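Hi everyone, thanks for making time today. Let me put the structure up on the screen and walk you through a few spots.

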Amino acid sequence: MQFLAKSAFLCRTLRLPVRVPQLAFQSVRGVIGARPSTYPTHRNELLPFTINNLWDNKGARRKAKRVGRGPGSGKGKTAGRGHGGHRSRTGGGMPPRFEGGQTPLQRRLPKWGMKRRNTDFMEYLNLDQLYYFVKKGRLDNSKTITIRDMWLAGVFPRVKHGVKILGRGAAKFDVPVNIEVSDATEDAINAIKKAGGSVSIVYRTRLKMNEHLYPEKYPLMLQDPLPPPMKTTRLEKLRELGNIQAKTLLNLKAPTLITTFLYGCKNRERKKKPRRNHVRKSSSILLFVHLESELIRSEEDASNYRRLS
């Protein structure tokens, strides 16, 4: 090294090129290249699938943020939350929809449309699907096909409110079937009638539908429910199409209905005085008057009705 320093000093003063012996650098390079690496890598090696050769990818496990461990960590004292305020408290902070107190977006925009909460979501069955299940032998058209028969055959996984027949495939439907459902379209009814079958519309509440599907759970038969006015109007429209038996309007007789109605009014008067212009009471009376001609069949029923009135 002394020789290198002297030769460099002479070259600077005399402005001569420096000639460094090559042996010194070759010896240093040989020593560095011979040193073994203490950190082997396995990029191009196929390691055996053992526990000692399993590890996470780089960055898969992040270290947890340790707060409140002194000023040297950078997260001491207030732990990165600042000096007080709503956001520094446990559970503090604003929801993403909060806009600082001004009228939020969901209130500024106009609203339109609605979604009825009391809508009965029925299961839909098209005529081509009905034709398929009958031809496959899963539905027996020699007897009346009920909703329970379709449920047991696997046509529907579940039935909550009822089944409605739709008219897709009405042009090729030629199987005579007698089917009992909750609702049907006009095209489907005409196609079934043209094929020599019939449709029976039966109104059932959710409890009554559950009894129909699981009769073993109900040792005592439930009373057939009376449909609300809107449902009654729908059933009357279906009756006008012909060849339809609206069983809900024919199962219960008028004296039973009127007795139940009068008993409910009497209990209502005991608890609370009736309000003026009570719409529900008047609409119910009109409903019974409308059903009177349809439900009273025999002289005995008519005499009972006159006695009650």
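Predicted model: local features only at pLDDT ≥ 70, side-chain atom pairs only at ≥ 80, totals over all residues.

Strand E2 covers residues 163-166 and runs parallel to E4, with 2 bridges joining them. If you'd like to find one of the residues involved, look at lysine 164: its bridge partner in E4 is aspartate 183.

Now, over to arginine 204. Where does arginine 204 sit? You'll find arginine 204 in the loop between strand E5, residues 198-201, and helix H7, residues 206-213. Is arginine 204 buried or exposed? Its relative accessible area is 13%, under the 20% cut-off, so arginine 204 counts as buried. The side chain of arginine 204 makes a polar contact of 2.9 Å with the side chain of glutamate 180. Leaving out residues up to four places away in sequence, arginine 204 touches Ile147, His161, Glu180, Met209 and His212.

The protein has a mean pLDDT of 75, with 64% of its residues at 70 or more. Among its elements, E1 has the highest mean pLDDT, 96, while helix H11, residues 279-295, has the lowest, 40. Across residues 248-270 the pLDDT is below 50, and this stretch has 42 contacts in the model beyond near neighbours in sequence. Residues 277-299 are also below 50, with 30 such contacts.

Definitions and conventions: Residues numbered from 1 in each chain as written. Heavy atoms only, no water. Helix = DSSP H or I, 4+ residues; strand = E, 2+ residues; numbered from the N terminus. Buried < 20%, exposed > 50% of the residue type's maximum accessible area, 1.4 Å probe, protein only. Polar contact = N/O pair within 3.5 Å; in protein donor to acceptor, adjacent residues only side chain to side chain. Contact = heavy atoms within 4.5 Å. Pairing = 2+ DSSP bridges. pLDDT = per-residue confidence, 0-100.
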